[in-house]
Amino acid sequence: MEREITYTQLHLLQEMFEQQVKEQNIVFPDEEQEELCLDDFIEQYIQGNDNPQIRIDWQV
């Protein structure tokens, strides 16, 4: 079941994402990949995951 999210929740999810990036020392190869990871992070929450994680899917 998908849940609706508010702009406030969206902002908080972006902050959670940025915090995880900092804590895990993640370096994205480009902005597009960072956006894709952020979109996936938000989608995890929409799909019901209260603790989304950054999933890295590019080759280093």
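Is N25 buried or exposed? N25 turns out to be exposed (over 50% relative accessible area, against under 20% for buried and partly exposed in between, with a 1.4 Å probe and protein chains only), at a relative accessible area of 65%. This residue is found in the loop between helix 1 and helix 2, and has a positive phi of about 50 degrees despite not being a glycine.

A word on the model itself: it is predicted, so local features need pLDDT of at least 70 and side-chain atom pairs count only at pLDDT 80 or more, while totals for chains, interfaces and linings use all residues. Residues are numbered from 1 along each chain as its sequence is written, and side-chain values use heavy atoms, leaving out hydrogens and water.

Now for helix 2, which covers residues 31–46 (helices are DSSP runs of H or I, at least four residues, numbered from the N terminus). At its N-terminal end sits a cap from D30, with a side-chain oxygen 3.2 Å from the backbone nitrogen of E32. After the helix comes G48, with a positive phi near 110 degrees. Buried residues in helix 2 include Q33 and Q44, and helix 1 (7–23) is part of what covers the helix's buried residues.

The largest nonpolar core has twelve residues, among them L13, F17, F41 and I54; such a core is a set of buried Ala, Val, Leu, Ile, Met, Phe, Trp, Tyr and Cys residues joined through side-chain atoms within 4.5 Å. Helix 2 gives the most to this core, with six residues. I46, one of the core residues, also touches M1, E2, R3 and I5 (heavy atoms within 4.5 Å), not counting residues up to four places away in sequence.

Note on methods
Helix = DSSP H or I, 4+ residues; strand = E, 2+ residues; numbered from the N terminus. Expected span 1.5 Å × (residues − 1). Polar contact = N/O pair within 3.5 Å; in protein donor to acceptor, adjacent residues only side chain to side chain.
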